[in-house]
Amino acid sequence: FRGKMWDLNRNHSVDVAKHEKPIKAIKVCDGNVLATGSWDKTIKYWDLRTPSPVADVKLGNRVYSMDTKGNMLAVAASERKVVLYDLRRPKEPAKTDHPLGFQLRWISCMPSGAGYAVASISGRVGIMYTQSNMERKTFKFKCHRDNKKNVYSVNGMAYHPTNGHILATCGGDGMVCMWDQDKKIRKYKLEKQNTSVSCVAFNRTGSILAYGVSYDFSQGPGGYTVKNNRIFVHSVKPL
């Protein structure tokens, strides 16, 4: 239940975090502070220069996903809870409402800092604005479904770093899609894979999109038939 950092200069790993149960999410808040969220229902903040946490927050729910932008740390937790933290006051949570009715799977902060996207196992994404003058723009949409009305989990999301209205999602249907949340349309979809896509990410400039193909155990052990885990990298045309 430890978090490790790879030291590129010394070419070995260093322990930087520890929890009582598995760590589900790790985010760098600034150059020296790391936030870790765990199934032990806590969030801990670590100064990489010291071995002990600088803050320990009891969340009360298992952490499933975290993201950060500017002073905001967004947490998706069990029991469909979304909790926001102002990193200037990291122990003071602000619980928020959202339109999704099933277990949450992923959360991503908008590059503008105006809000976040939250995804669930029900094949839905909620676009949530936290600024009071933009709350009316909040909406949700369906995704990662097939023509037979099967619904798949949204396993991961990533905002394009320079075109912040473009959101990439990946799911249990083996698909990666890119959405324009301002126009509320799907712009692109990539070739369907023969098992789940578990994660997706852009590089720093948004010129590269990478995603990992591996079974997400949505069908239990019996569904684990495709065992060749793979990573794909695509170039991204100007959006």
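Guide: A pocket here is an open set of grid points with protein on both sides within 12 Å along at least five of seven lines. Rolling a probe the size of a water molecule over the atoms shows where empty space is left. Note that this model is predicted.

Visitor: How much space lies in the largest pocket?

Guide: The largest pocket holds about 410 Å³. Its lining has 19 residues, and those closest to the centre are K27, D67, C109, A158 and Y159.

Visitor: Which strands each supply at least two residues of that lining?

Guide: They are β7 (63-69), β11 (104-109), β15 (154-159) and β19 (197-202). By class, the lining of the largest pocket has 13 nonpolar, three polar and three charged residues.

Visitor: What is the volume of the second largest pocket, and which residues line that pocket?

Guide: Its volume is about 250 Å³. The lining consists of K24, W39, Y64, Q103, R105, W106, N155, S198, Y215, D216 and F217. Five of these residues are nonpolar, three are polar and three are charged.

Visitor: Now the surface. Which residues form a nonpolar patch there?

Guide: I208, I231 and V233 form one, and together they have about 310 Å² of accessible area. Of these, I208 is in strand β20, which covers residues 208-213.

Visitor: Why does I208 count as partly exposed?

Guide: Partly exposed is the class between buried, under 20% relative accessible area, and exposed, over 50%. I208 has 35% relative accessibility, so this residue counts as partly exposed.

Terms used: Residues are numbered from 1 along each chain as its sequence is written. This is a predicted model: local features need pLDDT of at least 70, side-chain atom pairs count only at pLDDT 80 or more; totals for chains, interfaces and linings use all residues. Side-chain values use heavy atoms; hydrogens and water are left out. On a 1 Å grid over the protein atoms alone, a cavity is a set of points where a 1.4 Å probe fits but cannot get out, and a pocket is an open set with protein on both sides within 12 Å along at least five of seven lines; lining residues have an atom within 4 Å of a point. Grid points are joined across faces, edges and corners, and a volume is the space filled by probe spheres set on the points. Helices (H or I, at least four residues) and strands (E, at least two) are DSSP runs, numbered from the N terminus. Ala, Val, Leu, Ile, Met, Phe, Trp, Tyr, Cys and Pro count as nonpolar, Asp, Glu, Lys and Arg as charged, and the others, Gly among them, as polar. Patches are made of residues with over 30% relative accessible area and no salt bridge: like charges are joined within 9 Å, nonpolar side chains (Val, Leu, Ile, Met, Phe, Trp, Tyr) within 5 Å. Accessible areas come from the Shrake-Rupley method with a 1.4 Å probe; for residues, only the protein chains shown count as cover. A salt bridge is a side-chain nitrogen of Lys or Arg within 4 Å of a carboxyl oxygen of Asp or Glu. Buried means under 20% relative accessible area, exposed over 50%, partly exposed in between (1.4 Å probe, protein chains only).
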